[in-house]
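Dear colleague,

Please find the sequence and the structure below. A description of what was found follows them.

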Amino acid sequence: MRMAAADAQSFWMSAKIPNDAFLLYGFDGVPADLEQALAVVRRNVTACPELLVRIDDSNAWRYPCWVPYDATADWFVVHELDDTSWSRCLEAIGALADDQLDATVRPWRLHVFAGVEGAPGATRPGTVAVVQMSHALADGRRSAALAARMFGRDEPVPEVFPRRLGAWALPYLALRAGAAHRQLMRDTESGVVAAPADSWPAQQTNDRPEPPYALRTVVRRRAELPGPTVTVGVLAAIGEALSAELGGVTALGAEVPMAKPGVRHANNHFGNVGVALHPRLPFHERAVRIEAELAARRQRFEHSAVVAADAATAAVPPRLLRWGTAQFDVHARSATVAGNTVVSSVNRGPADLTFGGCPVVMTAGFPALSPMMGLTHGVHGIGDSVTISVHASPSALPDVDSYVERLSAVLDAGD
């Protein structure tokens with residue numbers, strides 16, 4: 001099956017900016033028979049055609065294709081830790097980013113760490129399973145569904161309905177997209193549609209990331225988190241904690257991945273929106289403003305201009321899109337940014353996953369860093385457990401533990 005333009009662009013861009021996703025699942029206990037537990041996962045994978053693929057990019061004049069491919073033994077890796085503490089496990093997971101996937105060989109890999117001491121939510125030494133996945137295969141929602149199939153959830157993966165229009169339709173689609181954009185401008189001027197998000201001055205968090213990268217987690221029960229929703233409450237807490245960590249900076253914004261409305265035409269069915277974090281406001285007022293801004297961003301996202309632009313992009317000839325992606329300059333810097341951090345929030349469903357008979361107790365994710373983003377956050381829930389993850393470079397946060405302590409304190413104090 002031919003890849004959608006959005007997914008092909010994600011695949012090609014990964015050569016410049018590594019973008020593998022890492023989905024972490026913590027299980028309470030260690031399977032009595034680890035090989036048998038992995039055998040069950042392999043059977044679950046075999047029953048999920050969406051996982052049994054790789055990319056064929058052998059024709060430079062065409063879009064890459066997803067081709068059927070069986071998962072082999074090297075898609076499953078068991079790691080031995082000299083130090084089995086939770087902090088050392090996070091260090092080992094962070095190091096996995098140094099070995100990015102070649103999606104023409106395999107678009108995902110499962111890493112298993114057994115006997116981890118002090119894993120959040122575990123009542124005994126636990127098992128940590130990390131699904132490393134090429135972003136071309138899935139966005140946040142789809143990757144969660146694919147990982148859940150590995151661990152026993154028998155629910156369909158979000159279906160993708162490929163567009164059938166080719167490059168011959170591009171002139172018409174481009175004209176339609178131009179007309180829709182002009183209508184968006186008129187709707188914005190008249191107040192029917194919210195104005196686009198502001199840009200913010202680049203901060204230390206936007207410095208080019210340098211290793212060693214740090215992973216941290218803060219785990220809470222859903223009812224313990226402040227705010228009208230989990231996402232809004234965490235954004236409000238990040239605004240206050242990050243402002244304090246940066247010495248009182250007041251102009252702060254976050255990039256928030258948001259699912260697109262309508263029919264899913266690609267594995268990656270989302271876009272990033274900008275939201276102001278309003279660190280000077282009291283927590284409750286801050287949360288109200290952030291909630292309103294997310295609603296405004298969604299309203300703008302639902303405008304017909306966005307759909308028309310996506311359709312035109314999907315018809316761009318593959319050679320042209322490949323060339324355009326290759327021109328991206330990873331060394332370019334900007335004084336203003338769409339966000340001073342990224343906050344990716346995904347509910348991964350009920351706590352119904354198991355590994356070798358051990359129940360899932362938490363899940364986490366660590367959005368990738370990029371040349372203009374040295375600090376990202378994940379907000380991932382499963383069952384009643386929510387994990388706020390911090391992925392940081394020392395160039396962005398010299399003292400990540402200080403920041404995490406601030407963030408934890410704001411989450412506990414917010415109301």
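Six bridges join strand β12 (residues 341–347) to β15, and the two run parallel. Within this pair, V343 has H377 of β15 as its bridge partner. Two strands are said to pair if DSSP finds at least two bridges between them; strands (E, at least two residues) and helices (H or I, at least four) are DSSP runs, numbered from the N terminus.

Please note that this is a predicted model, in which local features need pLDDT of at least 70 and side-chain atom pairs count only at pLDDT 80 or more, while totals for chains, interfaces and linings use all residues. Residues are numbered from 1 along each chain as its sequence is written, and side-chain values use heavy atoms, with hydrogens and water left out.

Strand β15 and its sheet

β15 also pairs with strand β16 (residues 385–392), in the antiparallel sense and over eight bridges. Here T376 stands opposite H391, and V379 stands opposite I388. The two strands form a hairpin with two residues between them, and G383 in the turn has a positive phi of about 60°.

How many residues of β15 are buried? Eight of the eight residues of this strand (residues 375–382) are buried, so β15 is largely enclosed by the rest of the structure. Buried means under 20% relative accessible area, exposed over 50%, and partly exposed in between (1.4 Å probe, protein chains only). Both faces of β15 are covered: L375, H377, V379 and G381 are buried on one side, and T376, G378, H380 and I382 on the other.

These strands belong to an open sheet of six strands in the order β8-β16-β15-β12-β9-β10, with mixed pairing. β8 and β10 are at the edges with a single partner strand each, so one side of each has no neighbour in the sheet. From one strand to the next, the twist averages 20°. Helix α7 (residues 283–301) packs on this sheet, touching β9 and β10, and its direction makes about 145° with that of β10. Helix α10 (residues 400–413) packs on the sheet as well, touching β8, β15 and β16, with its direction at about 15° to that of β8. Contact means heavy atoms within 4.5 Å. Axes are lines fitted to C-alpha atoms, for helices over the stretch in contact, and angles run from 0 to 180 degrees between N-to-C directions.

β9 and β10 pair in the antiparallel sense over seven bridges, and the bridge partner of A254 in β10 is V275. Five of the seven residues of β10 are buried, which leaves the strand mostly covered. K260 lies in the loop between β9 (253–259) and β10 (270–276). The C-alpha atoms of K260 and G271 are separated by 6.7 Å, and the two residues are 11 residues apart along the chain. Leaving aside neighbours within four places in sequence, K260 is in contact with H269, F270, G271, F301 and D310.

Another six strands form an open sheet in the order β4-β5-β6-β1-β14-β13, and the pairing is mixed. Its edge strands are β4 (76–79) and β13 (354–355), each of which pairs on one side only. β1 and β14 pair in the antiparallel sense over five bridges, with Y25 opposite T363 in β14. Helix α3 packs on this sheet, touching β1, β5, β6 and β14, and its direction makes about 165° with that of β5.

Which residues of α3 (residues 86–95) are buried? They are W86, C89, L90, A92 and I93. Seen down the axis of α3, these buried residues fall within an arc of 160°, so they line one face of the helix; the arc is that of the directions from the helix axis to the C-beta atoms. What covers them includes β1 (21–27), β5 (108–116), β6 (126–133), β8 (214–221) and β14 (358–365). Helix α4 (residues 140–150) lies across β1, β5 and β6, running at about 40° to β1.

With kind regards
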